[in-house]
Amino acid sequence: MAATIIPNSTHFQANNHLHNLSFTLQSCSSLSQAKQIHACILRNNLDEHFYAKLLLFCTTTAMSSTSNALDYALLVFEQLQQEPNIFMWNTMIRGYANSNYPMRAVRLYIRMRDRGMLPNNYTFTFLIKACTAMSCLVNCYSLGPAVHAQTIVFGIPDSDVHVYTSLLNISGDFDVAGKLFNYMPIKTLPTWNAMIAGYAQSSRPSEALALFYQMQLAGVRPDEITVVSILPSCAQLGALELGEWVHLYVKRNKFDNNTTVCNAIIDMYAKCGCIDKAMDVFKGMRDRTVVTWNTLISGLAIHGQAEEAIALFTKMETKGVMPDAITFVGLLNACAHAGSVDKAWTYFKDMQMVYGIQPKIEHYGCMVDVLGRTRHLNEALGLIDSMPLEPNSVVLGSLLSACRICNDSELGEKVLERLMQLEPLNPGYYVLLSNMYASSGRWEDVTRVRNLMKSRGIGKTPGCSSIEMNNTVHEFVVGDKTHPQAQEIYRKLDEISLRLESAGYVPDTSIVLFDLDEEEKAQNLSVHSEKLAVAFALLNTCTVKPIRVVKNLRVCRDCHLAIKLISKEYGREIVLRDCNRFHHFKDGVCSCKEFW
DNA sequence: ATAGGGTTAG
């Protein structure tokens, strides 16, 4: 289109050509065309309306991401003869809000205020977008309250859904967001979506689910974005029944040609233990993005299916899909869960040499993990020394696991000290340290660590397992007696113990921390949350469907042994997701092959 | 003339 219909200056008649010019600005797609238009505006002395259009064109996301059109727009903006109007300011703020330099949008806003220009509701939606982008880029404290205050100062009513919906997502203080949400007199579909997504992104999946139900009670129909916002919460909780319902809803409403929706479903199935269904959805997709491949590769990894993850990566390569940093996190994780240390090294090197991707802290985390699991403690140490990054708690945590596997308590203590400096309030490290002392009978040190925890007000994170039944999630903490069926559950536990013992089960008491006698230790183990959850399931179901349990911590050695035997004795398949990976128990065998 | 909500990661 474009260049040919730009008016010739020698016989220009404004009225005849204004229409064409507007049209050109809407449809042309390159910076050079924009420059020609700029020249035309200058030659013909066109009014600010045309400058505004020019700025708008140069600052659209597609343009500014592929060229330096944004800089060009700023140049035009700075050289305007008259004071820019609010539309022009908004356009520039929007441009930078969507760019890699969102801070510049905030600076523009401050400049605008210095010049006495009054912001409007559009200004705030762009400004809020910039603030959100900033808090993603740098670890700055949230600008939310300040921006909210500004909207009040400049008279934006709380009935303005656009401004208030974007305010919800400015992902720091969720109590404030919840209050804002309740307070909003008008809620539209995006308002509900923003709040549900916000809960999901701040790891509050139960609240996301509650809001999802509340939304439907309010008569608001979920759309594609709602579905994508709720599925990660199903995934996190392992809420398969709800996830399946959402999948049906997606099919009924023909949302399944939306790649993002399908990606979220793949992730949900993988994290709810149904890796086969995840693969089915993957196969049925027409358009796949790198996210699609990544999601399934990571899914296979947590199921310990390293061979399949690698095969998928090979297929991805042949299809010409460019892997990214996340692809390799998934692949390395797959190698780690299978103990394939050689393959891990190969991908760690290929990632850099073949694909030019610099390893991030996550990649080092995976490498230390796989080196530790395969007892290459010195190599793990060497890799950490060679890292150009400061090791974080993830890397050190993997190193600590390596120390435990290799029984190097001297190094383990040193690593723990560093971890406790990095995260002084994380109870997990105190428990590990105490565990380490207990296993070598150093009870005085155990007491010292326990007192340290007490004085710092740190409590041990209780083991918690959840199981979904008839659309309700039942949660059990260790020693839980609050469930309505508690009595029956404990009777069932007794029955299970007897049956397992006659099948040769001896409780593995090696991980119990306290200086107790063997009988007390066994008692302590028998009420672990995952055992309660499994007993509850055996009590209430008799179908061939697998029992699915999600645990917040790592499954303990004794529970792992007991559940293997239960799967055989009771002829039930049990799928247990712990905080690390999946364990599929069937006929007395676990899919992890004792590798976890 | 300009707006709000979305997926993968030890």
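Visitor: What should I know about pLDDT cut-offs and numbering here?

Guide: Residues are numbered from 1 along each chain as its sequence is written, while chains are lettered from A and ligands numbered from 1 in the order in which they are written. In this predicted model, totals for chains, interfaces and linings use all residues, side-chain atom pairs count only at pLDDT 80 or more, and local features need pLDDT of at least 70.

Visitor: Which helix gives the most to the surface near DNA strand B?

Guide: Helices are DSSP runs of H or I with at least four residues, numbered from the N terminus. With seven residues, the top contributor is helix α12 (residues 189–201).

Visitor: How do α18 and α19 lie to each other, roughly parallel or roughly antiparallel?

Guide: Helix α18 (residues 290–302) and helix α19 (residues 306–318) pack at about 165 degrees, with axes 8 Å apart. Axes are lines fitted to C-alpha atoms over the stretch in contact, and angles run from 0 to 180 degrees between N-to-C directions. Angles under 35 degrees count as roughly parallel, over 145 as roughly antiparallel, 65 to 115 as roughly perpendicular and the rest as oblique. So α18 and α19 are roughly antiparallel.

Visitor: Which residues of α19 make the contact with α18?

Guide: Two residues are in contact if their C-beta atoms, placed from the backbone, lie within 7 Å. The residues of this contact divide into nine nonpolar, no polar and one charged. From α18 come W293, L296, I297, L300 and A301, and from α19 come E308, A309, L312, F313 and M316.

Visitor: How far apart are the centres of domain 1 and domain 2?

Guide: An automatic or database domain assignment sets the bounds, giving domain 1 (200–285) and domain 2 (464–590) in chain A. Seven residues of domain 1 are in contact with nine of domain 2, and helix α15 (residues 240–252) gives the largest share of domain 1's side, three residues. Taken over C-alpha atoms, the centres are separated by 28 Å.

Notes. Helices (H or I, at least four residues) and strands (E, at least two) are DSSP runs, numbered from the N terminus. Ala, Val, Leu, Ile, Met, Phe, Trp, Tyr, Cys and Pro count as nonpolar, Asp, Glu, Lys and Arg as charged, and the others, Gly among them, as polar.
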